[in-house]
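Trainee: I would like to go through this model and ask what lies behind each label. Can we start with the contacts?

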Amino acid sequence: MAAVRAMLTRVAKLEAARQPRQSHFVRAYGSFEAFEAQCREMAAGALDRDFPIDALARWEADGTWANAQGRWR
């Protein structure tokens with residue numbers, strides 16, 4: 001019975017490792033959409049005009065963050 005429990009523990013770890021990594025935005029705000037909404041709701045001039053929110057949204061959608069995080073760790 002102990003061997004079965006040990007195997008189930010190993011399987012659970014393997015399954016967790018296969019999950020895509022969350023971006024920093026998802027960890028901090030719950031979702032990228034929440035981060036984006038907060039940024040877009042800021043008063044005019046609160047962000048620099050060249051703030052790259054559109055690029056960040058694209059990177060979140062296409063998996064750039066997940067790929068980059070895999071290389072950083």
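Mentor: Start with the contacts between residues at least 6 apart in sequence: 49% of them join residues at least 24 apart. Keep in mind that the model is predicted.

Trainee: What is the secondary structure of the chain?

Mentor: The chain has five helices and zero strands. Along the sequence this reads α-α-α-α-α.

Trainee: Why is Phe-35 called buried?

Mentor: Phe-35 has a relative accessibility of 7%, and buried means under 20%. The value falls under the cut-off, therefore Phe-35 counts as buried. Phe-35 lies in helix 3, residues 32-41.

Trainee: Which residues is Phe-35 in contact with, leaving aside its neighbours within four places in sequence?

Mentor: Phe-35 is in contact with Phe-25, Tyr-29, Phe-51, Ile-53 and Leu-56. Each of these pairs has heavy atoms within 4.5 Å. Ile-53 and Leu-56 are among the buried residues of helix 4 (residues 53-62), as are Ala-55 and Ala-57.

Trainee: What follows helix 4?

Mentor: Gly-63 follows helix 4, and its phi is positive, near 90 degrees.

Trainee: What makes Ser-23 buried?

Mentor: Ser-23 has 3% relative accessibility, and the cut-off for buried is under 20%. So Ser-23 counts as buried. Ser-23 is placed in the loop between helix 1 and helix 2 (24-29).

Trainee: What joins the side chains of Ser-23 and Glu-60?

Mentor: A polar contact of 2.8 Å joins them. The distance limit for a polar contact is within 3.5 Å, and the 2.8 Å between Ser-23 and Glu-60 meets it.

Trainee: Why is Met-1 called exposed?

Mentor: The relative accessible area of Met-1 is 71%, and exposed means over 50%. Met-1 is therefore exposed.

Trainee: Which element has the lowest mean pLDDT, and which the highest?

Mentor: Helix 5 (residues 64-72) has the lowest, at 68, and helix 1 the highest, at 88. For the chain, the mean pLDDT is 79, and 81% of residues reach 70 or more. Where pLDDT is low, the predicted coordinates should not be read in detail.

Terms used. Residues are numbered from 1 along each chain as its sequence is written. This is a predicted model: local features need pLDDT of at least 70, side-chain atom pairs count only at pLDDT 80 or more; totals for chains, interfaces and linings use all residues. Side-chain values use heavy atoms; hydrogens and water are left out. Buried means under 20% relative accessible area, exposed over 50%, partly exposed in between (1.4 Å probe, protein chains only). pLDDT is the predictor's confidence in each residue, from 0 to 100. Helices (H or I, at least four residues) and strands (E, at least two) are DSSP runs, numbered from the N terminus. A polar contact is a pair of N or O atoms within 3.5 Å; within protein, one must be able to donate a hydrogen and the other to accept it, and residues adjacent in sequence count only if both atoms are side-chain atoms.
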